[in-house]
Amino acid sequence: MREHLFQLPDNATSSLQAQVREMLVSAILDGHLPPGRALPSCRKLATQLGIARNTVVLAYQHLVDEGYLISRERSGFYVDPGILEGRLSASTQDAHAPPVDRAAVSAFAPAWRARLQVEATALASPNRPSDWQRYDYPFVYGQIDPALFPIAEWRECCREALSVRAIRQWAHDHIDTDDPDLVEQLQTRVLPRRGVWAKPEQILVTLGAQQALYLLAALLMGDRDTVGIENPGYADARNILQMHAGKLVPIPVDSQGLRVSASLRGCDYLYVTPSHQCPTTVTMPLTRRRALLDSAREHDFIIIEDDYEAENNYAGPPTPALKSLDADGRVIYVGSLSKTLAPGLRLGFMVGPEELVREARALRRFMLRHPPSNNERSLALFLSRGHHDALVRRLSHAFRERCQVMGEALRRHLPQASYVPTVGGTSYWVQGPDNLNVAGLLPEARREGVLVEPGDVFFAAPEQHQNYFRLGFSAIPTQAIEPGIVRLAALLRRCT
């Protein structure tokens with residue numbers, strides 16, 4: 001018996017019994033423990049692994065129940081010969097495969113790049129290291145602080161969603177429908193906070209706000225359509241829209257958000273982020289919102305309102321969503337829970353006319369049928385028990401403090417830069433000196449443990465805005481903000 005097969009991982013987070021099971025299952029399915037092979041006795045394996053004998057006994061018994069092992073009285077445990085039935089082994093594949101000329105395969109391989117209708121990897125998009133959490137000063141946007149995540153409350157809701165009764169409700173194929181409890185919670189708890197009232201037939205659950213935008217672009221936009229988009233604006237929305245619309249028109253942004261001007265006249269659709277403009281975070285005042293709706297009526301265009309960060313409004317009275325002021329049905333409302341609960345949950349929603357939502361539901365079915373029902377049920381429970389409302393209050397307090405600390409640090413240590421005063425949201429939009437090239441600053445900053453996000457990707461003409469960057473504060477502890485700004489200021493002085 002090769003003892004190296006029986007080693008537990010050093011950094012596992014699961015129980016010892018689960019680790020033993022996973023270790024044995026991997027050895028069996030990978031062919032290292034062939035059918036019929038005897039396993040070490042429970043006592044011997046426990047001694048080798050340095051764990052209790054009962055842990056191994058329970059792991060073996062569980063694998064017997066699952067069909068991986070068979071137990072022979074007074075003999076021990078063996079790999080069940082039937083566990084690998086129906087699997088084609090690598091040796092069998094090689095035996096039946098025709099001889100392959102590797103050079104010929106290379107010569108006749110398809111030219112995949114020439115076949116691509118969209119080169120998605122070439123589209124500009126905000127980028128951050130996947131290991132951002134290991135940096136000392138992660139000024140990244142859209143991520144959560146683990147210290148603020150409601151672990152106990154979320155686990156409680158997940159456990160209930162995994163009860164026998166709940167599983168029987170959500171485990172079957174729902175085809176294109178959403179969890180009715182979640183739709184009810186969105187209708188009665190989430191949307192009213194934003195001044196939006198809708199019927200269940202007007203609500204569609206999506207895998208984040210981005211899927212809602214993709215569905216709308218695919219349904220509504222074609223080569224003859226012109227779409228207005230904020231400049232600077234959300235880069236991934238621009239990428240989605242330009243893949244479907246014939247023309248994008250960049251609409252300038254000022255201290256009150258998107259400007260309502262003559263440039264809107266030729267638009268068929270307009271994408272806008274009025275609550276906290278992306279990326280500047282400015283809030284569109286009520287007077288301009290009404291002017292925008294008047295312009296939409298006069299020039300006959302549809303507005304897609306992305307209210308991605310509506311909950312993070314801690315610096316003044318809430319401003320009603322554009323959708324709440326819409327008397328003509330011209331506003332399609334897109335929302336998300338990524339900025340409050342967790343971006344990894346990937347659940348958002350859209351609100352629109354029944355006929356549009358009906359078509360979006362049908363199109364979603366062709367893509368993924370519906371979001372995972374267990375996640376929908378867990379979220380419905382989380383909302384219904386008031387956990388989300390409590391979380392929003394807790395986040396508002398934390399973000400208000402972090403916003404103030406960052407604002408003071410920027411004034412004190414980066415006087416050579418200008419920034420938009422933040423009245424909500426979780427980031428600062430900063431314009432550095434004219435001679436700053438943020439692309440050159442980023443590698444130096446990373447080596448010093450500082451992560452910032454370049455701002456050029458938010459502009460229609462990125463090459464003209466190399467001195468902009470964004471500083472997020474949702475994921476960085478309050479006490480780390482000023483030291484991080486101090487280090488960033490030193491780096492910026494060296495790069496300008």
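Accessible areas here come from the Shrake-Rupley method with a 1.4 Å probe. On that basis, the chain of this predicted model exposes about 24,400 Å², and carbon and sulfur atoms supply 50% of that area. Of its 496 residues, 48% count as buried. The C-alpha trace spans about 85 × 60 × 55 Å along the principal axes of the chain. In secondary structure, the chain has 17 helices and 16 strands.

Strands of a sheet pair through backbone hydrogen bonds, in either the parallel or the antiparallel sense. In this chain, eight strands make up an open sheet with mixed pairing, and their order is 4-11-10-9-8-5-6-7. The edges are taken by strand 4 (203-206) and strand 7 (257-258); each has a single partner strand, so one side of each is left without a neighbour in the sheet. Within the order given above, strand 5 (residues 226-231) pairs with strand 8 (residues 269-272) in the parallel sense, over three bridges. Opposite V227 stands Y269, in strand 8.

The antiparallel sense is found in strand 1 (residues 69-72) and strand 2 (residues 76-79), which pair over four bridges. L69 has V79 of strand 2 as its bridge partner. The two strands form a hairpin with three residues between them, and R74, in the turn, has a positive phi of about 65°. A charge-over-ring arrangement also involves R72, which lies over the face of Y78 at 4.1 Å from the ring centre.

We turn next to the aromatic rings. A pair of such rings is described by the distance of the centres and the angle of the planes. The whole structure contains nine aromatic pairs. One of them joins Y428 and F473, with 6.1 Å from centre to centre and 55° between the planes, a tilted arrangement. This pair links distant parts of the chain, as its members are 45 residues apart: Y428 belongs to strand 13 (residues 427-431), whereas F473 is in the loop between strand 16 (468-472) and helix 17 (478-495). Are these two residues buried or exposed? Y428 counts as buried because its relative accessibility is 5%, below the 20% limit for that class. F473 is buried as well, with a relative accessible area of 0%. Both residues belong to one aromatic cluster, formed by F399, Y419, Y428 and F473.

G472 counts as buried, at 0% relative accessibility. Leaving aside residues up to four places away in sequence, G472 touches P138, F139, V140, Y141, M406, T426 and S427. Its C-alpha lies 7.8 Å from that of V452, a residue 20 places away in sequence. Y141, one of the contacts of G472, also takes part in a charge-over-ring arrangement: the charged end of R470 sits over the Y141 ring, 4.0 Å from its centre.

R330 is placed in the loop between strand 9 (302-306) and strand 10 (331-336). With a relative accessible area of 16%, R330 is buried, because the class covers values under 20%. Which residues does R330 touch, not counting those up to four places away in sequence? They are A296, R297, D300, F301, I302 and I303. For F301, there is also a polar approach: its backbone oxygen lies 3.3 Å from a polar atom of the R330 side chain.

R494, by comparison, is found in helix 17. Its relative accessible area is 55%, and R494 is therefore exposed, as that class covers values over 50%. Not counting residues up to four places away in sequence, R494 touches E444 and E448. The C-alpha atoms of R494 and L441 are separated by 9.1 Å, although these residues are 53 apart along the chain.

Key. Residues are numbered from 1 along each chain as its sequence is written. This is a predicted model: local features need pLDDT of at least 70, side-chain atom pairs count only at pLDDT 80 or more; totals for chains, interfaces and linings use all residues. Side-chain values use heavy atoms; hydrogens and water are left out. Rings of Phe, Tyr and Trp (its six-membered ring) pair if their centres lie within 6.5 Å; planes under 30 degrees apart count as stacked, over 60 as edge-to-face and the rest as tilted. Buried means under 20% relative accessible area, exposed over 50%, partly exposed in between (1.4 Å probe, protein chains only). A charge sits over a ring if NZ of Lys or CZ of Arg is within 6 Å of the ring centre and within 35 degrees of the ring normal. A polar contact is a pair of N or O atoms within 3.5 Å; within protein, one must be able to donate a hydrogen and the other to accept it, and residues adjacent in sequence count only if both atoms are side-chain atoms. Contact means heavy atoms within 4.5 Å. Two strands pair if DSSP finds at least two bridges between them.
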